[in-house]
Amino acid sequence: MIVGTRGSQLALAQTNQVCAALSKITKEKPQIEIIKTKGDKITQSQLYNMDSKGLFTKELDIALLEEEVDFTVHSFKDLPTELDEDLEIIAVPKRESPNDVLISNKTWDELGKGSTLGSSSLRREAFCNHYKKGFKLKPLRGNVETRIKKVLNNELDATIMAEAGLKRLNLTKYIKTVFPTDYITPAAGQGAIAVMIRKDSDKKEIFSKLNDYNSMQEVFGEKAVLEEMGVGCQWPIGCLAQLKDKQLNIYSILLTKDGDILKECNVSGSIRESQELGKKIGKTFQEFI
């Protein structure tokens, strides 16, 4: 079997994690095919200023559709809200932490007005504005290691990143603060990995064994919020679904770029209804965009 993936250290760590789990099932080690995406090639623009649909996935989708690879591995939050009709997410392995973290030599409280914070996320910038930090927000692209290095070299005072990526790369020693999800609400799907296949694949049964049902339902519920709204990273939206006491709770927050809260929503129900719950929030948010 051949797996398609992006070439960053994080993408490879995620792919190796999936391949290791798959090897235990099939006793076969998949061959890794690195595929460069448009998002990897464009490093100077903020993602939310671009048409980001499929920015980090399109080339992988093409390789999958043309049967150059048997499956692909993605960061779930990179997936566009609408998938190609001939492809499907067959598995979401157990989700890693969805939290955002601070990378800095200073604490969050020590970072005063005028501190430089690097980001390519409109959501993270909006939360900084919401808490009236008065940061000088600077564009920051590149892989995890590059972004950390810019902070360590004092090119920036701080950046905010996903805890999951740092855990997968064994770089948690650089974390200054883990933000509670009710303080900075994560992006839909943050911390989750998606395994994609062709709908006509004859290996569905094998790949489905990689799936963690609760994790899949959580992130599908979050994705449904964006899908119903018809938006991606061009809007500052935080969303988190969590299963507690056999009830799925989805919390989502919609902000302006300046950090004002437009609307907050909290819905609960059966985990089987995750997508319906997400769509309910999306419908509520539609009138604010």
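Lys283 and Glu228 form a salt bridge through their side chains, with nitrogen and oxygen 4.0 Å apart. Lys283 belongs to helix α9 (residues 274-286) and Glu228 to helix α8, so this bridge ties together parts that are 55 residues apart in sequence. Glu228 is partly exposed, at a relative accessible area of 22%. The model is predicted. Across the structure there are 12 salt bridges and 7 aromatic pairs.

**Other salt bridges**

- Lys204 and Glu88 also meet through their side chains in a salt bridge, at 2.7 Å from N to O.
- Because Lys204 sits in helix α7 (residues 204-208) and Glu88 in strand β4 (residues 87-91), this pair ties together parts that are 116 residues apart in sequence.
- Lys204 has a relative accessibility of 30% and therefore counts as partly exposed.
- A salt bridge joins Arg95 to Glu218, and their closest N and O atoms are 3.7 Å apart.
- Arg95 is in the loop between β4 and β5 (100-104), while Glu218 is in helix α8 (residues 213-229); the two are 123 residues apart, and their pair links distant parts of the chain.
- Arg95 and Glu218 are both buried.
- Arg95 and Glu218 also belong, together with Glu222, to a network of salt bridges.
- As a general point, side chains of opposite charge can pair when their charged atoms come close.

**Aromatic cluster around Trp108**

- One aromatic cluster is made up of Trp108, Tyr131, Phe135, Phe179 and Tyr183.
- Among the 7 aromatic pairs found in the whole structure is that of Trp108 and Phe135, whose ring centres are 5.6 Å apart; their planes stand at 80°, so the pair is edge-to-face.
- Trp108 lies in the loop between β5 and β6 (116-119) and Phe135 in the loop between α4 (122-130) and β7 (136-139), so their pairing ties together parts that are 27 residues apart in sequence.
- Trp108 is buried, with 8% relative accessible area.
- Phe135 is likewise buried, with 11% relative accessible area.
- Trp108 pairs with Tyr183 as well: the ring centres are 6.4 Å apart and the planes are at 85°, so this pair too is edge-to-face.
- Tyr183 is in the loop between β9 (177-178) and β10 (193-198), and Trp108 is in the loop between β5 and β6, so the pair ties together parts that are 75 residues apart in sequence.
- Tyr183 counts as partly exposed, at 25% relative accessibility.

**Ile289 and the segment after α9**

- Ile289 is found in the segment that follows α9.
- Its relative accessibility is 39%, so Ile289 counts as partly exposed.
- Apart from neighbours within four places in sequence, Ile289 is in contact with Met229, Val231, Trp235 and Leu254.
- Val267 and Ile289 are separated by 22 residues in sequence and by 20 Å in space, taken C-alpha to C-alpha.

Definitions and conventions
Residues are numbered from 1 along each chain as its sequence is written. This is a predicted model: local features need pLDDT of at least 70, side-chain atom pairs count only at pLDDT 80 or more; totals for chains, interfaces and linings use all residues. Side-chain values use heavy atoms; hydrogens and water are left out. Helices (H or I, at least four residues) and strands (E, at least two) are DSSP runs, numbered from the N terminus. Buried means under 20% relative accessible area, exposed over 50%, partly exposed in between (1.4 Å probe, protein chains only). Rings of Phe, Tyr and Trp (its six-membered ring) pair if their centres lie within 6.5 Å; planes under 30 degrees apart count as stacked, over 60 as edge-to-face and the rest as tilted. Contact means heavy atoms within 4.5 Å.
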